[in-house]
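Please open the model in your viewer, with the sequence panel beside it, and follow the selections below in order.

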Amino acid sequence: WRRVPRIHFVHPHCREADPAVTARFMSCLKRRRVIVVVRDPRDVVFTYRARLCKRQRDPEALGLDLPTFIRHEALGIRRIIGFVNQWHAARDKVGQLLFLRYEDLRNEPLTHFPRLLEYLGVPVNTTLLREVLDSTPDTTTTAIEAGSERPGNADLAYMEEQMNLLDPAVGYKARIPHNGAPGTTSTEDIS
């Protein structure tokens, strides 16, 4: 028998992602293997709001309209970006850290899941991995979770502006309005 690695799953709330608390948590991981999976903060803000409002019925989140939630100091996109930046900067401070993007796992699973398995010391069986991926239903969560409330142009512009605070090495780029026309975007870097 091969020993199965012990896995501790943590899905922190952004409001609990105080930089000092996160730094203390990271200091406990100096001798551990850590996997951090991040998602585009522009998507996280919607799924996080949906989780707080629809699943957890959080009174604070329920009292915020979408524009206020997006800009909220403890819940909004700025806090999410700060959290991602802090973990990305910790790559050299935490024992062994594998930093993965959710979108890469979704779009190229046969490339990125073997990396994850190898990191855990689990032998990679590509045939079995293909079978698992082929039989797994697509349960992608999207911005549709925002419900009937949709972000306005000012909200989208604010989120794009905040994306400039994200470490470019994480791999998410701000989408700049193309020719100023609403609804058209470019994936060029803002720099």
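Rings of Phe, Tyr and Trp, the last through its six-membered ring, are taken as a pair if their centres lie within 6.5 Å, and the angle between their planes sorts them into stacked (under 30 degrees), edge-to-face (over 60) and tilted (the rest). By that rule the structure, which is a predicted model, holds two aromatic pairs.

Then select Phe83 and Trp87, an edge-to-face pair at 6.5 Å centre to centre and 70° between the planes. Phe83 and Trp87 lie four residues apart in helix α5, which means that about one helical turn separates them; each of the two is buried.

Now widen the view to the whole protein, colouring by secondary structure: there are nine helices and four strands, and along the sequence they follow the pattern α-β-α-α-α-α-β-α-α-α-α-β-β. Of the 191 residues, 38% are buried.

Next, show the largest nonpolar core, a set of 34 residues in which Val45, Phe69, Ile77, Trp87, Val94 and Phe99 have the most contacts. At least two residues of this core come from each of β1, α2 (41-55), α4 (66-71), α5 (77-89), β2 and α9 (153-163). Centre on Val45, and, leaving aside residues up to four places away in sequence, you will find it touching Phe69, Ile70, Gly76, Ile77, Ile80 and Met159. A second, separate core has six residues, among them Leu98, Leu100, Leu105 and Leu116.

Which residues of α7 are buried? They are Pro109, His112, Pro114, Leu116, Tyr119 and Leu120, and the buried residues of this helix pack against β1 (33-38), β2 (96-101), α6 (102-107) and α8 (126-135). Just after α7, select Gly121, which takes a positive phi of about 80°.

Finish with two arginines. The charged end of Arg33 sits over the ring of Tyr119, 5.9 Å from the ring centre, while the charged end of Arg101 sits over the ring of Tyr172, 4.5 Å from the centre of that ring.

How values were computed
Residues numbered from 1 in each chain as written. Predicted model: local features only at pLDDT ≥ 70, side-chain atom pairs only at ≥ 80, totals over all residues. Heavy atoms only, no water. Buried < 20%, exposed > 50% of the residue type's maximum accessible area, 1.4 Å probe, protein only. Contact = heavy atoms within 4.5 Å. Core = buried A, V, L, I, M, F, W, Y, C linked by side-chain atoms within 4.5 Å. Lys NZ or Arg CZ within 6 Å of the ring centre and 35° of its normal.
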